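Please take a moment with the sequence and the model before reading on. The notes below are meant for someone meeting this structure for the first time.

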Amino acid sequence: PWITSHSNRVEESSIIVTMPEEEEKKEAIVNGEDEEEGEEEEGAAAAAGGGAKKKKKKKKKKKKGNAVPLAEKKEPCEKPPHRGLLPTAFTDAHVKYGQTNPPTIPVADVFRGYEFPKGEIQTYALESQSYRETSAECRARDRLNEDVYKKCREGAEIHRQVRNFAQSLAKPGVKLIDMCTQLENKNRELCREAGLERGIAFPTGCSLNHVAAHYTPNNGDNTVLGFDDVMKVDFGVQIDGRIIDSAWTCSFNPRYDPLLESVKEATNTGVATAGIDVRLCDIGEAIQEVMESYEVELDGTTYPVKCIRNLNGHSIAQYQIHAGKSVPIVKGGCEESLIMEEGEIYAIETFGSTGRGYVVEDMECSHYMKRFDCPHVPLRMQSSKRLLAHINKTFGTLAFCRRWLERDDGGSAAVNGQEGKQEKYMGALKNLCDVGIVTPYPPLCDTKGCYTAQYEHTIMLRPTVKEVVSRGDDF
């Protein structure tokens with residue numbers, strides 16, 4: 001989430017899986033086999049004067065590939081240990097594709113020779129856009145962007161498998177720093193992390209209770225998840241800069257169910273309302289109407305669920321988590337003239353609170369990000385120059401956290417090996433923030449003692465249909 005002065009920031013039903021059944025055609029690709037056929041002509045004796053030519057077929061040659069052996073495909077059976085998800089949620093949902101449990105095979109290898117699963121397909125709600133599904137021109141434009149869709153779908157499938165794994169970790173008594181570290185390592189493993197080419201899009205958020213967003217534990221933070229906590233888990237995956245941003249809320253006490261249900265339904269409403277030529281302010285009005293129809297009873301007191309009015313969804317561009325447009329979650333949250341356009345990608349996210357419905361920056365900062373449009377600023381401190389060079393090659397304009405800088409690989413083993421750890425960097429980091437190259441994003445907090453919830457999905461506004469690419473069986 002991002003706070004904006006004008007509210008202009010942005011990212012659930014069954015996933016549609018397309019697994020072609022052309023086994024004979026795909027088997028050769030999966031197994032890395034390449035068949036070659038050749039023909040060789042043998043002439044008759046020259047004295048015979050052009051006798052009949054004989055054709056002899058060569059034997060087929062098979063080239064052995066480096067195929068990754070998949071596990072046996074099974075039916076998912078393990079339920080998550082927390083609330084806040086659909087009844088169809090399983091922490092081992094990935095085993096239906098031949099993935100191991102816990103997942104260890106890179107997703108690209110699991111789907112080698114197959115298409116990545118598509119997200120939930122929705123038609124555009126506006127009557128003026130009803131022609132798009134059958135328009136030959138729109139379908140032609142759709143085919144031109146197939147490369148972008150493929151990258152987004154790969155990132156979304158990685159996100160689903162990583163979050164299934166994370167849902168199995170979210171139990172009372174777990175240290176948040178341990179949970180985040182395991183989640184991020186699994187993210188790197190399943191996407192086969194390769195620096196800016198593919199990897200983690202931003203630090204794992206695990207904000208508790210009145211903290212709505214932008215909290216991840218720094219080293220030395222031993223916060224433990226409790227039974228009465230409400231935790232928002234927000235993480236991202238990027239493939240060639242195409243970012244998948246999705247989040248959900250965990251709770252264990254059933255008394256928080258109305259809060260979680262209100263925010264989940266509000267996010268679904270936002271996703272359903274979104275579309276080409278839809279005004280952003282209309283989406284915010286629809287979201288607010290749904291969310292604020294709920295109330296929560298806590299310790300004998302009834303609290304209305306309020307939208308956190310200064311948090312918004314946002315548009316997403318390549319290597320840019322916030323691409324300029326924000327999707328408000330309240331009525332009148334932005335200018336009426338702002339609309340969604342064809343080809344844009346959005347993160348539709350909503351936040352509900354039992355408090356005042358307004359967040360402020362508080363607590364120790366952990367999230368940082370280099371400005372996408374940062375100016376050239378002469379740096380005097382050598383330590384600042386070294387840190388900026390490390391940020392440029394490791395993270396670029398993607399968000400990062402202090403915990404990553406303190407890893408042996410400095411945030412990316414593919415880029416830095418095991419020699420990327422940053423030492424005594426806080427002064428340099430503060431200097432980069434002061435001169436406007438790096439922006440800090442402290443935790444965003446509502447009133448202490450209240451509870452907040454969040455759900456988020458990434459959608460693609462394709463020329464023909466709207467694709468909720470991050471949708472899964474869990475939310």
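This is a predicted model: local features need pLDDT of at least 70, side-chain atom pairs count only at pLDDT 80 or more; totals for chains, interfaces and linings use all residues.

What follows is a briefing on some helices, their packing and a few backbone features. Two packed helices are described by the angle between their axes and the distance between the axes.

- Helix 5 covers residues 176–190, and because 15 residues at 1.5 Å a residue should span 21 Å, the distance of 21 Å between its end C-alpha atoms agrees with expectation.
- The buried residues of helix 5 are L176, I177, M179, C180, L183, E184, K186, N187, R188 and L190.
- The cover over these buried residues includes helix 2 (107–110), helix 4 (146–169) and helix 9 (402–405), together with strand 4 (198–200), strand 5 (205–208) and strand 7 (231–239).
- After helix 5 comes R192, which has a positive phi, near 50 degrees.

**Helix 4 against helix 5**

- Helix 4 passes helix 5 in a crossing that is right-handed.
- On the side of helix 4 the contact is made by I158, Q161, V162, F165, A166 and L169, and on the side of helix 5 by M179, Q182, L183, K186, N187 and L190.
- Sorted by class, the contact of helix 4 with helix 5 has 8 nonpolar, 3 polar and 1 charged residues.

- Helix 6 (residues 257–273) has 17 residues, which at 1.5 Å a residue should span 24 Å, and its end C-alpha atoms are 24 Å apart, so the two values agree.
- Buried in helix 6 are L259, L260, S262, V263, K264, A266, T267, T269, G270 and V271.
- Helix 6 and helix 7 (residues 280–291) pack with their axes 8 Å apart and at an angle of about 155 degrees, and they are therefore roughly antiparallel to each other.
- The crossing in which helix 6 passes helix 7 is right-handed.
- Helix 6 contributes S262, V263, E265, A266, T269, G270 and T273 to the contact, while helix 7 contributes I283, A286, I287, V290 and M291.
- This contact of helix 6 with helix 7 has 7 nonpolar, 4 polar and 1 charged residues.

**Helix 8 against helix 11**

- The axes of helix 8 (residues 382–394) and helix 11 (residues 426–434) cross at roughly 80 degrees and come within 8 Å, which makes helix 8 roughly perpendicular to helix 11.
- The contact is made by S383, S384, L387, L388 and I391 of helix 8, with A428, L429, N431 and L432 of helix 11.
- The residues of the contact of helix 8 with helix 11 divide into 6 nonpolar, 3 polar and no charged.

**Backbone features in the loops**

- Most residues other than glycine have a negative phi, and most peptide bonds are trans.
- The peptide bond from N101 to P102 is cis, with omega near 0 degrees, and P102 is found in the loop between strand 2 (54–57) and helix 2.
- N209, in the loop between strand 5 and strand 6 (211–213), has a positive phi near 55 degrees, and because its relative accessibility is 17%, N209 counts as buried.
- D277, in the loop between helix 6 and helix 7, has a positive phi of about 75 degrees although it is not a glycine, and at 39% relative accessibility D277 counts as partly exposed.

Note on methods
Residues are numbered from 1 along each chain as its sequence is written. Side-chain values use heavy atoms; hydrogens and water are left out. Helices (H or I, at least four residues) and strands (E, at least two) are DSSP runs, numbered from the N terminus. The expected span of a helix is 1.5 Å times one less than its number of residues. Buried means under 20% relative accessible area, exposed over 50%, partly exposed in between (1.4 Å probe, protein chains only). Contact means heavy atoms within 4.5 Å. A crossing is left-handed if the near helix is turned anticlockwise from the far one by less than a right angle, and right-handed if clockwise. Ala, Val, Leu, Ile, Met, Phe, Trp, Tyr, Cys and Pro count as nonpolar, Asp, Glu, Lys and Arg as charged, and the others, Gly among them, as polar. Axes are lines fitted to C-alpha atoms, for helices over the stretch in contact, and angles run from 0 to 180 degrees between N-to-C directions. Angles under 35 degrees count as roughly parallel, over 145 as roughly antiparallel, 65 to 115 as roughly perpendicular and the rest as oblique.
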